[in-house]
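Open the model in your viewer and keep the selection tool at hand. The tour below goes from stop to stop, saying what to select and what is there.

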Amino acid sequence: MRGYFAESQKPWPSLLVVLPLVAVYEAASRGMLRWLESGPADQLVAFSLLRRAFLSIGAQGAMLPALALVASLLGWHIAKRDRWSVKPMHLGAMAVEGCLLALPLVALALLVSRAVPFAATTTAVPRLAVLSIGAAVYEELIFRLVGFVLLSVILSDICRFKPVAANTLTLISTAGLFAAYHYLGAERFSLGTCGFRFVAGIFLGLLFTTRGFGVTAFCHAAYDVLCVTLLAPMSDL
């Protein structure tokens with residue numbers, strides 16, 4: 001078990017375990033999954049933010065967000081000089097672990113939804129599930145992978161905060177940005193849903209720091225897909 005927990009936190013296994021999620025979303029966004037409606041890329045805020053960021057520096061291409069994810073994890077792996085071999089059983093265990101860790105979030109969302117209505121949606125469930133998978137991966141790329149690295153550099157290396165203070169501020173800041181981000185689209189701000197998403201951001205941030213990117217992204221994706229199944233309007237975490 002110790003070998004699994006150590007390996008599953010590393011960037012190379014994380015990349016391998018999220019690649020199928022990326023492939024499903026990218027295939028659907030290009031109309032390659034005929035049982036879905038038209039591609040969902042234009043509805044995914046995280047995808048649009050990444051694409052706009054690349055356009056701001058003169059880079060164009062629909063595949064750039066996916067390539068950024070691959071390049072980030074691959075570059076991290078090479079920088080760490082980790083080994084390339086990964087046990088297939090560990091990849092399966094990472095997916096299962098992510099799904100199990102999503103259950104507390106689902107339970108909390110069900111409790112919150114009794115008091116606070118989540119945004120309604122008319123999107124068909126299969127398409128919504130694919131949107132959710134894409135949202136999970138690209139939101140984790142923005143808020144956990146990129147957000148944690150940038151804030152850690154600013155707070156630790158530039159501002160010279162002590163590790164505990166830097167880590168705490170990074171966790172709180174990324175959770176707050178994660179909660180606020182969901183109101184960039186058509187959904188109206190609600191203190192209840194924002195509070196839930198802030199708590200979810202804290203949970204996912206702690207998961208990222210202790211279990212790595214792959215388990216966190218799978219947890220987020222599993223949460224979204226489960227909520228599509230149980231209560232479709234809640235799926236956009």
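This is a predicted model: local features need pLDDT of at least 70, side-chain atom pairs count only at pLDDT 80 or more; totals for chains, interfaces and linings use all residues.

The model contains three salt bridges.

**Stop 1: Arg83 and Glu7**

Select Arg83 and Glu7, which form a salt bridge with their closest N and O atoms 3.1 Å apart. Arg83 sits in the loop between α4 and α5, while Glu7 belongs to helix α1, so the pair ties together parts that are 76 residues apart in sequence. Glu7, with a relative accessible area of 4%, is buried.

**Stop 2: Arg211 and Glu97**

Next, select Arg211 and Glu97. In this salt bridge the closest N and O atoms are 2.7 Å apart. Arg211 is in helix α8 and Glu97 in helix α5, so this pair ties together parts that are 114 residues apart in sequence. Both Arg211 and Glu97 are buried.

**Stop 3: Ser8**

The side chains of Ser8 and Arg211 make a polar contact at 2.6 Å. Ser8 lies in helix α1, which covers residues 2–8. Which backbone oxygen does the side chain of Ser8 reach? That of Tyr4, at 2.8 Å. Now show what surrounds Ser8: leaving out residues up to four places away in sequence, Ser8 touches Ser14, Met94 and Arg211. The relative accessibility of Ser8 is 1%, and because buried means under 20%, Ser8 counts as buried.

**Stop 4: Arg144 and Glu140**

Move to helix α6 and select Arg144 and Glu140. Their side chains meet in a salt bridge, with 2.8 Å from N to O. The two residues are four apart in helix α6, so about one helical turn separates them. Arg144 is buried, at a relative accessible area of 0%. Glu140 also counts as buried, with 0% relative accessibility.

**Stop 5**

Turn from charged to nonpolar side chains. In soluble globular proteins, nonpolar side chains tend to be buried together. Select Val18, Leu69, Leu73 and Phe213: these have the most contacts inside the largest nonpolar core, which has 30 residues. Helices α2 (11–29), α4 (64–80), α5, α6 (125–158) and α8 each give two or more residues to this core. A second, separate core has 18 residues, including Val106, Ile142, Tyr181 and Ala222.

Now go back to Leu69 and show its contacts. Which residues does Leu69 contact, apart from its neighbours within four places in sequence? They are Val18, Val22, Val137, Leu141 and Phe213.

**Stop 6: a nonpolar patch on the surface**

Finally, switch to a surface view and select Val96, Leu100, Leu103, Leu110, Leu226 and Leu230. They form a nonpolar patch on the surface, and together have about 520 Å² of accessible area. Which helices each supply at least two of the patch residues? They are α5 (88–115) and α8 (191–230). The largest share, four residues, comes from α5. End on Leu103, which lies in helix α5. Leu103 has a relative accessible area of 44% and is partly exposed.

How values were computed: Residues are numbered from 1 along each chain as its sequence is written. Side-chain values use heavy atoms; hydrogens and water are left out. Buried means under 20% relative accessible area, exposed over 50%, partly exposed in between (1.4 Å probe, protein chains only). A polar contact is a pair of N or O atoms within 3.5 Å; within protein, one must be able to donate a hydrogen and the other to accept it, and residues adjacent in sequence count only if both atoms are side-chain atoms. Contact means heavy atoms within 4.5 Å. Patches are made of residues with over 30% relative accessible area and no salt bridge: like charges are joined within 9 Å, nonpolar side chains (Val, Leu, Ile, Met, Phe, Trp, Tyr) within 5 Å. Accessible areas come from the Shrake-Rupley method with a 1.4 Å probe; for residues, only the protein chains shown count as cover. A salt bridge is a side-chain nitrogen of Lys or Arg within 4 Å of a carboxyl oxygen of Asp or Glu. A nonpolar core is a set of buried Ala, Val, Leu, Ile, Met, Phe, Trp, Tyr and Cys residues joined through side-chain atoms within 4.5 Å.
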